[in-house]
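Here is a quick walk through a protein model, written for someone who would rather look at side chains than at tables. Have the viewer open and follow along.

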Amino acid sequence: YTALAARGLQYGPAFQGIVHADVASDRVVAQLDLSHLTGGHYTAHPAAVDTALQCVALLAGPESGDGAVVPAAVGTIHRFGPLPQSPIVVVQRTGTAPLRARIDIVEATDNGEPGRVALSMNDVVFAPVSPPPSTQARLGRLFYEPEWEPRDERDITAATADVAGDYALIFAFGEQTAQRAE
């Protein structure tokens with residue numbers, strides 16, 4: 001959870017169910033502890049599903065430049081049985097732009113290997129979460145570098161005498177500012 005927090009994903013105690021994770025370039029196999037999720041009459045406890053989705057965030061490493069990623073869409077969900085208290089989550093990357101994955105929550109066998117699938121999420125799409133732009137970046141859209149163009153040849157002494165009438169201040173907002181200013 002330290003690595004996830006460094007990417008901007010901070011989880012409270014109820015959502016910290018990953019005990020151990022083996023991360024490869026396109027696959028994550030994680031052991032979860034869901035024993036603290038008691039009560040409620042859920043088909044699949046929301047915190048358990050969220051914990052399984054967290055495993056995908058491990059595939060979006062710091063080298064990707066995306067920072068934190070969160071689920072944006074789920075193609076299908078199939079429930080085959082109740083979720084075990086100590087399941088294994090198997091994540092397989094299925095796409096990269098945007099990040100897509102298949103996520104299976106499975107029972108752990110006696111030797112710790114994945115067993116019966118309890119819940120499967122297919123075509124899960126993840127999108128980067130970007131922090132709000134800094135004040136400097138927002139102001140950068142408002143202020144522009146001056147661009148000077150000579151208009152005509154003038155005597156500098158005569159030009160300084162009527163300076164007040166030669167200035168214009170233009171504020172323009174939006175992406176098409178240059179076209180509107182012409």
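## The overall layout

The protein chain has five helices and six strands. Going along the sequence, the order is α-β-β-α-β-β-β-β-α-α-α. Keep in mind that this is a predicted model.

Of the 182 residues in the protein chain, 29% are buried. Looking at contacts with a separation of 6 or more, 60% come from residues 24 or more positions apart.

## Salt bridges across the chain

How many salt bridges does the structure hold? There are four, and three of them are worth a look here. In one of them, aspartate 26 pairs with arginine 93, with the closest N and O atoms 2.7 Å apart. This pair ties together distant parts of the chain, 67 residues apart: aspartate 26 sits in the loop between strand E1 (18–23) and strand E2 (27–32), while arginine 93 belongs to strand E4 (residues 88–96). Aspartate 26 has a relative accessible area of 36%, so it counts as partly exposed.

Another salt bridge joins the side chains of aspartate 123 and arginine 100, again at 2.7 Å from N to O. Here too, distant parts of the chain are linked, with aspartate 123 in strand E6 and arginine 100 in strand E5 (residues 99–108), 23 residues apart. Both partners are partly exposed: aspartate 123 has 40% relative accessibility, and arginine 100 has 28%.

## Arginine 102 and its two partners

Now find arginine 102, whose side chain meets that of aspartate 104 in a salt bridge (3.0 Å, N to O). Are these two residues buried or partly exposed? Arginine 102 is partly exposed, because its relative accessible area is 34%. Aspartate 104, at 12% relative accessibility, counts as buried because the cut-off for buried is under 20%.

The side chain of arginine 102 also makes a polar contact with the side chain of asparagine 122, at 2.7 Å. Asparagine 122 lies in strand E6 (residues 114–128), and its relative accessibility of 17% makes it buried. Leaving out residues up to four places away in sequence, asparagine 122 touches Val74, Gly75, Thr76, His78, Ala101 and Arg102. As for arginine 100, its C-alpha atom is 8.8 Å from that of asparagine 122, and the two are 22 residues apart along the chain.

Over in helix H2 (residues 46–57) you'll find glutamine 54.

The side chain of glutamine 54 makes a polar contact with the side chain of aspartate 50, at 2.9 Å. Setting aside neighbours within four places in sequence, glutamine 54 is in contact with Tyr1, Tyr11, Phe15 and Ile18.

## The second largest pocket

Last stop: the second largest pocket, with a volume of about 220 Å³. It is lined by 13 residues, and the ones closest to its centre are Leu34, Leu37, His45, Ala48 and Leu83.

Which classes make up that lining? Seven of the lining residues are nonpolar and six are polar, with no charged residues.

Key: Residues numbered from 1 in each chain as written. Predicted model: local features only at pLDDT ≥ 70, side-chain atom pairs only at ≥ 80, totals over all residues. Heavy atoms only, no water. Helix = DSSP H or I, 4+ residues; strand = E, 2+ residues; numbered from the N terminus. Buried < 20%, exposed > 50% of the residue type's maximum accessible area, 1.4 Å probe, protein only. Contact = heavy atoms within 4.5 Å. Polar contact = N/O pair within 3.5 Å; in protein donor to acceptor, adjacent residues only side chain to side chain. 1 Å grid on protein atoms, 1.4 Å probe; cavity = no way out; pocket = protein on both sides within 12 Å on 5 of 7 lines; lining within 4 Å. Points joined across faces, edges and corners; volume = space filled by probe spheres on them. Nonpolar A, V, L, I, M, F, W, Y, C, P; charged D, E, K, R; others polar.
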